[in-house]
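Subject: the structure we talked about

Hi there,

Here is the structure I promised to pass on. Have a look at it first, then read my notes below.

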Amino acid sequence: MLNVYLSGEIHTDWRERIIDGARDLDVRFNSPVTDHDASDDCGVAIMGAEDKKFWHDRKGAQLNAIRTRKGIEDADIVVVRFGDQYKQWNAAFDAGYAAALGKSLVVLHGPDHAHALKEVDAAALAVAEEPEQVVSILRYVLSGELPG
């Protein structure tokens, strides 16, 4: 069985496409909390309100880091998706953390991000443009089977 951590953008269905495509594979998926409001507000919801936005965000980031670190550390493969919107510093951080731990890193992004992410791509063992390519990577890793 492969443990796969799905990190990165939360505004499209890329995770569902990978999970659905890999339903016949021996893979267990994990990811950060993808409910944006819950992720932002988890710290203050659990540990109490903050007057300043900085401390509100800090509590949430630190609490989320516990989940993220555990997920990446337990993963055999880390997939990091960079979407078309937003500056995804957290995704870049997760990719760097996974690379520093020696995890098998798969980066997923469109061709428009190729130049901006060239260093991240260089640390990855695979760079894909579509979630279905990630499913094919997982299938190949588990069985040696090529698409088609």
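Before we start, one term: a residue is buried if its relative accessible area is under 20%, exposed if over 50%, and partly exposed in between (1.4 Å probe, protein chains only). Keep in mind that this is a predicted model, where local features need pLDDT of at least 70, side-chain atom pairs count only at pLDDT 80 or more, and totals for chains, interfaces and linings use all residues. Residues are numbered from 1 along each chain as its sequence is written, and side-chain values use heavy atoms, with hydrogens and water left out.

Let's begin with strand 1. Helices (H or I, at least four residues) and strands (E, at least two) are DSSP runs, numbered from the N terminus. Strand 1 covers residues 2–8, and seven of its seven residues are buried. In a regular strand, side chains alternate between the two faces of the sheet. Here both faces are covered: Leu-2, Val-4, Leu-6 and Gly-8 are buried on one side, and Asn-3, Tyr-5 and Ser-7 on the other. Strand 1 runs parallel to strand 2 (residues 27–30), and four bridges join them; two strands pair if DSSP finds at least two bridges between them. Asn-3, for instance, has Arg-28 as its bridge partner in strand 2.

Next, the salt bridges (a side-chain nitrogen of Lys or Arg within 4 Å of a carboxyl oxygen of Asp or Glu). The structure holds ten of them. One is between Glu-9 and Arg-81, with the closest N and O atoms 3.5 Å apart. Glu-9 sits in the loop between strand 1 and helix 1 (14–21) and Arg-81 in strand 3 (residues 77–81), so this pair ties together parts that are 72 residues apart in sequence. Both of these residues are buried.

Helix 3 has some too. Lys-53 and Asp-57 meet at 2.9 Å, N to O, and they lie four residues apart in helix 3 (residues 53–74), about one turn. Lys-53 is exposed at 52% relative accessibility, while Asp-57 is partly exposed at 37%. Asp-74 and Lys-70 form another salt bridge, at 2.7 Å. There is also a network of salt bridges linking Asp-13, Arg-17, Glu-130 and Glu-132.

(Lys and Arg count as positive, Asp and Glu as negative; His and the chain ends are not counted.) The partner is His-109, at 2.9 Å. A polar contact is a pair of N or O atoms within 3.5 Å; within protein, one must be able to donate a hydrogen and the other to accept it, and residues adjacent in sequence count only if both atoms are side-chain atoms.

His-109 is in the loop between strand 4 (104–108) and helix 5, and is buried at 4%. Not counting residues up to four places away in sequence, His-109 touches (heavy atoms within 4.5 Å) several residues, including Arg-81, Asp-121 and Ala-128. Ala-128 is in strand 5 (residues 126–128) and is buried too, at 1%.
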